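Let's walk through this model together, with the sequence and the coordinates side by side. Have your viewer ready to pick out single residues as we go.

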Amino acid sequence: MENTIEQNREMTAEESLSLITETLNNSRKEITRRSGKYYILWGALLTFFSLVIYVLWKLTDQEAWNNLWFAMPVIGFLLARLMSRKDTETHVQNDVSRITQGIWSAFGIFACTVAVFTIAYSYVSDGALDLGRTIRAMVSVASLTAEIVLLFGLAESICGVALKNWAMKIAGFVTGIGGLAIYYITGAAEEQLFIFTFAGLVLVATGLIVKYQYK
Amino acid sequence: MLPKLDPLLHSELRLAIVSILAGVEEADFTYLKEQTGATSGNLSVQIDKLAEAGYIEVEKGFRGKVPRTVCRLTPQGSEAFRAYVKALRKYIVAGK
């Protein structure tokens with residue numbers, strides 16, 4: 001709130017309505033601004049993991065490095081918890097913040113379930129655990145990369161709708177469709193990791209825009 | 001005849017507190033202080049008045065080792081806020 005509300009003076013009807021409108025808008029903006037740092041966190045993790053896995057895969061020719069992806073939600077969750085603990089001084093929650101948390105949790109559960117299911121399917125159908133075959137199944141046969149990037153873009157756009165934020169709506173669309181385009185353009189499986197590098201960078205940019213949009 | 005405006009809500013700081021709480025599920029004391037810019041003492045007095053009237057509920061607890069006071073709008077407070085906004089609109093229409 002721009003002005004300090006210290007006096008308990010009586011106001012005109014117009015002043016009261018304007019105070020209510022301003023206060024409600026400020027709460028929405030504050031919650032949107034606070035979500036920015038989590039976009040930056042997950043975007044940075046996504047970019048980091050995609051590049052590390054790409055380099056390791058390229059250097060060793062071992063597709064099994066893709067298993068490192070499973071460490072990302074664990075590290076991200078721990079870091080997000082740590083960041084939320086630092087927020088103890090000021091706490092605010094509304095339906096929108098709960099919905100956006102729910103959307104990203106649902107995305108995480110979908111993505112992990114699809115990955116685990118593909119691994120389990122590959123294991124059962126082969127009768128033995130062959131990591132190379134498993135990863136090929138994940139990346140090539142099941143088009144897992146395409147599915148995840150589409151889900152990712154969709155989740156980001158829905159968050160934009162919930163928060164009434166155009167930057168998020170557009171970023172989600174760009175990530176989903178742009179990611180799919182990279183998927184079809186790139187030939188080698190390891191290069192498809194750049195889809196996630198791209199998605200991570202878009203997420204960081206969205207977080208920065210949101211954070212400074214409402215500064 | 002124009003309805004009487006709720007005197008409890010027709011005060012700048014108390015209205016700001018209720019408006020903030022109307023837009024969120026809950027908010028802690030520090031957030032309310034940050035948003036209104038009021039001093040702790042004044043904010044505390046106004047929160048007590050709203051709580052006494054049953055408009056808000058106040059939960060005092062700890063998060064880790066840090067004490068935290070969380071405020072929420074009650075159904076009674078929510079109804080009073082709706083009625084207050086409705087009455088304000090009538091005043092504005094009547095004034096035109």
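This is a predicted model: local features need pLDDT of at least 70, side-chain atom pairs count only at pLDDT 80 or more; totals for chains, interfaces and linings use all residues.

Residues are numbered from 1 along each chain as its sequence is written, chains are lettered from A and ligands numbered from 1 in the order in which they are written, and side-chain values use heavy atoms, with hydrogens and water left out.

Start with helix α6 of chain A, residues 166-185. Helices here are DSSP runs (H or I, at least four residues; strands are E, at least two), numbered from the N terminus. With its 20 residues, α6(A) reaches 28 Å from first C-alpha to last, close to the 28 Å expected at 1.5 Å a residue (the expected span is 1.5 Å times one less than the number of residues). Its buried residues are Met168(A), Ala171(A), Gly172(A), Thr175(A), Gly176(A), Gly179(A), Leu180(A) and Tyr183(A). Seen down the axis of α6(A), these buried residues fall within an arc of 150°, so they line one face of the helix; the arc is that of the directions from the helix axis to the C-beta atoms. Buried means under 20% relative accessible area, exposed over 50%, and partly exposed in between (1.4 Å probe, protein chains only). On the other side of α6(A), Trp166(A), Phe173(A), Tyr184(A) and Ile185(A) are exposed. The charged end of Lys169(A) sits over the ring of Trp166(A), 4.1 Å from its centre (NZ of Lys or CZ of Arg within 6 Å of the ring centre and within 35 degrees of the ring normal).

Now for the rings: over all chains there are 4 aromatic pairs. Rings of Phe, Tyr and Trp (its six-membered ring) pair if their centres lie within 6.5 Å, with planes under 30 degrees apart stacked, over 60 edge-to-face and the rest tilted. Tyr54(A) and Phe194(A) have ring centres 4.5 Å apart and planes at 45°, so this pair is tilted. It joins helix α1 (residues 13-60) to helix α7 (residues 193-213) of chain A, with the partners 140 residues apart. Trp69(A) and Phe196(A), at 5.2 Å and 65°, are edge-to-face, and both are buried.

Finally, the cysteines: Cys159(A) is buried at 0% relative accessibility, as is Cys71(B).
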